[in-house]
Each structure stands twice: as C-alpha cells, then as structure tokens.
Amino acid sequence: MQTLKPSEIASYCNVHQRSVSRWIANGELKGHKLPGRGNYRVLLEDFLSFLNKHKIPLSQDFISDYQIAESGLHSDKERDLAKVLIIDDEPQYRKAIRRVIGNDYLIQEAGDGFMAGIAISEFKPSLITLDLSMPGMDGFQVISFIREKEEFKAIKILVVSALNDVELEKAKAMGANDALSKPFDNSILLEKINALIQG
C-alpha cells in the first residue's frame with residue numbers, strides 16, 4: 001500500500017504545502033494522521049481520485065514511479081478471492097509470505113502498524129499475517145486495535161514472529177487466532193492460512 005507525503009503532493013501539483021494541508025482539512029483530499037504526530041499521509045488511490053476529480057493529468061514520471069498500471073481495478077476473479085493482509089516491517093518476510101500464498105488469495109502488504117491500521121479499514125481483509133516486533137505501533141497494539149472494533153471482529157489473525165513462545169502465547173491471549181515462529185516452514189504457514197480462512 002503506497003502513500004504520499006503532503007510535500008510530495010505539493011511538489012507534483014505545483015502548490016504550497018499549506019494548500020495540500022487545506023485540502024485535507026476541508027475533506028477535498030483524504031488524509032490519514034500519523035499517531036502521536038500532526039503529520040499526514042495520503043493513500044495513492046485517494047490522490048489518484050483527487051487528480052481525476054480535478055482533471056489533473058498524470059505525468060509519465062509519476063506513472064513510472066508509482067507503477068500506476070499495476071494499481072488498477074481488480075478482475076472479477078480477483079474480487080471473488082478472500083483477502084490477506086501481510087503486516088511486517090521486513091520486506092524479505094513480506095515477499096516470502098506473499099510467495100507462499102501465491103495466487104490463492106488477494107494480497108496487500110503493510111510495512112508498519114500505522115499503515116496496517118489504514119489497510120485494515122480500507123482493504124477489509126479476511127485474514128492478516130502479523131509480525132509482533134515493528135517500530136511505532138507494534139503487533140500487540142494492532143491486535144488490540146482489531147479486537148476492540150466490532151466491524152473487524154471477523155478478521156482472523158495469524159501471528160508470524162521471531163519472538164519467543166511466551167510472547168506468541170501472549171498474542172493469542174490478546175486475540176490472535178494462531179501463531180507461527182520465524183523462520184517458518186512454508187507448508188505449515190500455508191496450512192494455517194487456509195485453515196483460518198476456511199474455518
């Protein structure tokens with residue numbers, strides 16, 4: 001899930017950053033506030049909607065930088081697939097989990113707890129794989145965030161972490177459905193994902 005800073009949007013639209021802040025404050029541009037700070041981030045898809053609404057053309061550099069062609073609408077087949085959100089601050093683990101899942105499910109990724117919160121609300125996954133050790137909002141806080149909200153009650157949580165068994169049990173006590181230690185066995189990971197989604 002890609003995001004942009006207000007300064008990046010200002011540069012692209014050739015306006016002052018205060019103008020972008022005003023767009024967000026007025027609700028013209030959807031922004032997500034970083035926890036504990038006044039900074040905002042804007043989802044790529046929300047910025048694209050803003051550009052389309054105001055008939056601002058996309059430059060080739062922007063299309064190339066953000067791989068817009070890959071972020072188009074999903075096919076009818078993809079819309080029928082269950083959704084899995086991979087939450088891990090280590091890109092190599094996100095890539096490894098994505099590779100194990102393959103094309104069985106519709107996948108999105110989040111590299112930290114804050115982005116996870118946005119993705120959970122926007123993507124509405126059936127299941128998340130969740131690392132516990134992340135900067136800022138950690139995995140335990142993500143579990144609490146999900147389990148405290150009625151609309152997320154059905155989301156299955158599979159913890160995938162290098163922390164010890166005590167911490168994995170703590171995560172399950174807080175509301176995770178299952179846990180798996182890193183490094184993981186690919187077949188066991190896929191087995192657990194399938195069991196939780198189909199269960």
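Where is aspartate 131 found?

A: Aspartate 131 is found in the loop between S6 and H8, where helices (H or I, at least four residues) and strands (E, at least two) are DSSP runs numbered from the N terminus. The model is predicted: local features need pLDDT of at least 70, side-chain atom pairs count only at pLDDT 80 or more, and totals for chains, interfaces and linings use all residues. Residues are numbered from 1 along each chain as its sequence is written, and side-chain values use heavy atoms, with hydrogens and water left out.

An unreviewed UniProt entry lists Asp131 for "modified residue: 4-aspartylphosphate"; UniProt positions follow the numbering used here, feature names are shortened, and annotations may be inferred rather than shown by experiment. Aspartate 131 is buried, with a relative accessible area of 3% (buried means under 20%, exposed over 50%, partly exposed in between; 1.4 Å probe, protein chains only). Not counting residues up to four places away in sequence, Aspartate 131 touches Ile87, Asp88, Asp89, Gly139, Val160, Ser161 and Lys182, contact meaning heavy atoms within 4.5 Å.

Strand S6 belongs to an open sheet of 5 strands, ordered S5-S4-S6-S7-S8, with parallel pairing; two strands pair if DSSP finds at least two bridges between them. S5 and strand S8 (178-181) stand at the edges, each with a single partner strand, so one side of each is left without a neighbour in the sheet. S6 and S7 pair in the parallel sense over 4 bridges, and threonine 129 has leucine 158 in S7 as its bridge partner.
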